[in-house]
Amino acid sequence: MRNYVLLLLLIPVFFLSLPTVSSVYAQTVYLVCLDPGHGGNSGAFNPSYNLWEDEINLDAANRLKNLLLADGKYRVEMTRTDNSFKSNNDRYTFCNSISADILVSIHVNSSTNPSIDGSMALYFKPGDKILAKQLLDVLFPALNNTDWTFTNFGLSKYASGVLLKSDMPAAMMETVMLSHDGEAQLLSDTGETSRREQVAQALYDGIEAYFAGNPDGGGGNGGGKCQDPPCRK
Ligand SMILES: [Zn+2]
């Protein structure tokens with residue numbers, strides 16, 4: 001009986017100690033800057049399905065944001081939250097101003113050859129390449145489930161201002177090809193099990209894998225501010 005009373009007395013002590021647990025947990029929060037590409041009806045366009053790239057990019061970014069926030073160890077900011085046009089300067093300046101740990105720019109690609117479909121990832125700085133490779137390594141197999149050939153177009157070095165002038169590891173993900181009519185048909189579905197959700201889930205899984213391998217947020221970005229910790233906010 002005495003032990004039972006002691007246990008009852010200890011239960012409140014246990015719950016009082018929980019704030020210590022949550023304060024440790026708070027240190028593992030990463031700040032992700034999502035950049036939905038284009039805006040203002042620009043980027044790729046598929047006339048068969050009347051689909052603009054910028055709308056798909058924003059929708060995929062919103063879905064990815066929800067997945068990251070539900071996880072509990074991410075904070076998320078976005079370079080645009082509506083269909084307004086943003087310059088590259090607007091995008092990297094915003095992500096730099098909040099000292100994000102990583103920048104993920106979300107795009108769908110387009111080709112003059114409408115029979116090709118697939119994924120690629122663009123990088124510029126050394127730290128970008130690590131992030132871009134990790135995201136593509138997860139993204140491509142997750143999306144390679146089409147009835148047609150889906151190609152891994154690999155990594156490509158690309159001198160976009162978003163990649164060049166961001167202070168943190170940044171990757172521009174060309175997730176799928178909007179110019180492929182089969183892909184565009186998939187992208188026209190906005191349901192909860194849609195292609196758009198697959199894209200968001202794959203990017204979420206890639207970000208998880210990246211931070212699992214780079215718990216300090218990465219870096220190695222060739223002169224970025226985040227080489228001098230603490231750079232995370
Ligand atoms: Zn684009």
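Donors are N, O and S atoms within 2.8 Å of the metal (3.2 Å for Na, K and Ca), and water is not among the atoms, so sites may look incomplete. The model is predicted: local features need pLDDT of at least 70, side-chain atom pairs count only at pLDDT 80 or more, and totals for chains, interfaces and linings use all residues. Residues are numbered from 1 along each chain as its sequence is written, and side-chain values use heavy atoms, with hydrogens and water left out.

- Along the chain, the donors of the zinc ion have the spacing H-x14-E-x53-H.
- His38 (NE2), Glu53 (OE) and His107 (ND1) coordinate the zinc ion at 2.1 to 2.2 Å.
- Glu53 is buried, at 2% relative accessible area, while His38 is partly exposed, at 23%; buried means under 20%, exposed over 50% and partly exposed in between (1.4 Å probe, protein chains only).

**Helix pair**

- Helix H5 (residues 126-143) packs against helix H8 (residues 195-213) at an angle of about 140°, with the axes 8 Å apart; axes are lines fitted to C-alpha atoms, for helices over the stretch in contact, and angles run from 0 to 180 degrees between N-to-C directions.
- The contact (heavy atoms within 4.5 Å) includes Leu131 and Leu135 of H5 and Val199 and Tyr210 of H8.

Technical notes: Helices (H or I, at least four residues) and strands (E, at least two) are DSSP runs, numbered from the N terminus.
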